[in-house]
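Welcome! Take a moment to turn the model around on your screen before reading on, and then we will walk through it together.

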Amino acid sequence: MTTEKSKQLFEEAKKYIPGGVNSPVRAFKSVGGDPLFITHGKGSKFYDADGNEYIDYIGSWGPHLFGHNPPFIKNALLTAIENGTSFGTPIELEIIMAELIVELVRSVEKVRMVNSGTEATMSALRVARGYTGREKFIKFEGCYHGHADCFLIKAGSGALTLGVPTSPGVTKGNAADTLVADYNDIDSVKRLLEANSGELAAVIIEPVAGNMGVVPANKEFLKELRKICSEENIVLIFDEVMTGFRVAAGGAQEVLNISPDLSTLGKIIGGGLPVGAFGGKSEIMDLIAPDGPVYQAGTLSGNPLAMAAGVAALSYIKDHPELYDELEKKSSYLENGFKENLDLVGKNYTMNRVGSMMCMFFAEEPVEDFNSAFKSDTELYGKYYHQMLQRGIYLAPAQFEAMFVSTAHSIDDLDKTIEAHRESLTALL
Ligand code: KE4
């Protein structure tokens, strides 16, 4: 299998684009080799510039719950484009989108559309600060909430993969208001609370962490976190950019039966187009301009094309709640196939899965927080990655990410993936 065309394109890209990519985690830095340039996707598969076919498990890092280019999203876009691309005015589709989010995500009473997950989390934190009049907030080591300065402190995903969890360029002043606790460790939260009494505006957390690999939050831990935030009038923000509409129609908060004060959303709600959103209690959201003093804005927020794709995606979810049963069956099938392979090669690598987001860690201890995730053998992951790629399986090019199963993945795809997994481990170990 040649990837010569991708190599040529990558050399060309590096002349004009930092690192040759528009998002670092795509660059294959942690797994080695050159990234593949993809030309098109259909269903569970996409194809590189040399014509190689891959069963795709990144799904654009989460958006493709239904696989690549599902007809109902493509047709919605083709219809919308006939009317133009953007007006910078209110459009009816924004109302339909907001109604769908309010209907499907139990804690959201009002919602503002933005253009990325980063915009969603930075805006949610700003309104939490405006609402409480406080400045400090708590995040958790290994969680990733996008690349706003205040979140690039001990962050996950690409920041962790590239070894810069705390990025240069983030000022001391900014970092001073970011307090970092340990995931699944309520005592670490209580210590920060005690040391910063009355100064905390918010706690932001991925209710299922997907940016240090997949690490589910312990339900008791989250319930205690909810209790503390309610008692201390701290705004609890669930960052559901990845988990929203992924682990359930109502996100992780539906599965956990815990309601945050604010939720941030992205990925799936754009149907593959750039969309983010933040929403929650009206008493908080009503503080946002133009009715309230907390400023937040966006030229292309609520863009007609993005809304058309997002409304198509969320309408499909609303009309087909059974899709989550299908995803659970397929994801469990894949997980069990991987576990059988691990038994075959005599390895007890940790498999974490929540619904259709899953991760195999090259670590034989349980992975419940950043420190245990960080013990993974990332060098071995890199070798495994290329073994799978050579067999036509495209995983996240980094250990500290998630793999996603879509409704488009067939049992035949899963069987091929399980076989490639078995062959790859056998070749490596
Ligand atoms: P974006 O700004 O990349 O749209 O969203 C940031 C974000 C916020 N919150 C969570 C929980 C997220 O997972 C993300 C983005 N996820 C990564 C994948 N781990 C995006 C991939 C990338 O950086 O290219």
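In what order do the four strands of the open sheet lie? Keep in mind as you look that this is a predicted model. The order is β1-β2-β3-β15, and the pairing in this open sheet is mixed. At the edges you will find β1 (38-42) and β15 (393-394), each of which pairs on one side only.

Let's zoom in on one end of that sheet. Strand β1 pairs with β2 (residues 45-48) in the antiparallel sense, and four bridges link the two. Together β1 and β2 make a hairpin, with two residues between them. Gly 43 sits in the turn and has a positive phi of about 65 degrees.

Now step back to see the whole protein. Which domains does the domain assignment give? It gives domain 1 (4-69 + 322-428) and domain 2 (71-319). Taken over C-alpha atoms, the centres of domain 1 and domain 2 are separated by 25 Å. The two are also in contact: 35 residues of domain 1 meet 36 residues of domain 2.

This brings us to the ligand. Why does the ligand lie between domain 1 and domain 2? It lies there because both domains give residues to the shell around it. There are 17 residues around the ligand, and those that come nearest are Ser 23, Thr 118, Asn 211, Asp 239 and Glu 401. Sorted by class, the shell holds five nonpolar, eight polar and four charged residues.

In Asp 239, a side-chain N or O atom is 2.7 Å from a nitrogen atom of the ligand. For Lys 267 the distance from a side-chain N or O atom to a ligand nitrogen is 3.0 Å, and for Ser 157 it is 3.1 Å. On its own the ligand has 540 Å² of accessible area, and the protein covers 87% of that.

Most residues other than glycine have a negative phi, and most peptide bonds are trans. Trp 61, in the loop between β3 (53-56) and α2 (71-81), has a positive phi near 70 degrees although it is not a glycine. You can find Pro 290 in the loop between α10 (282-285) and α11 (304-319).

Conventions. Residues are numbered from 1 along each chain as its sequence is written. This is a predicted model: local features need pLDDT of at least 70, side-chain atom pairs count only at pLDDT 80 or more; totals for chains, interfaces and linings use all residues. Side-chain values use heavy atoms; hydrogens and water are left out. Two strands pair if DSSP finds at least two bridges between them. A residue is near a molecule or strand if one of its heavy atoms lies within 4 Å of it. A polar contact is a pair of N or O atoms within 3.5 Å; within protein, one must be able to donate a hydrogen and the other to accept it, and residues adjacent in sequence count only if both atoms are side-chain atoms. Accessible areas come from the Shrake-Rupley method with a 1.4 Å probe; for residues, only the protein chains shown count as cover. Ala, Val, Leu, Ile, Met, Phe, Trp, Tyr, Cys and Pro count as nonpolar, Asp, Glu, Lys and Arg as charged, and the others, Gly among them, as polar. Domain bounds come from an automatic or database domain assignment. Contact means heavy atoms within 4.5 Å.
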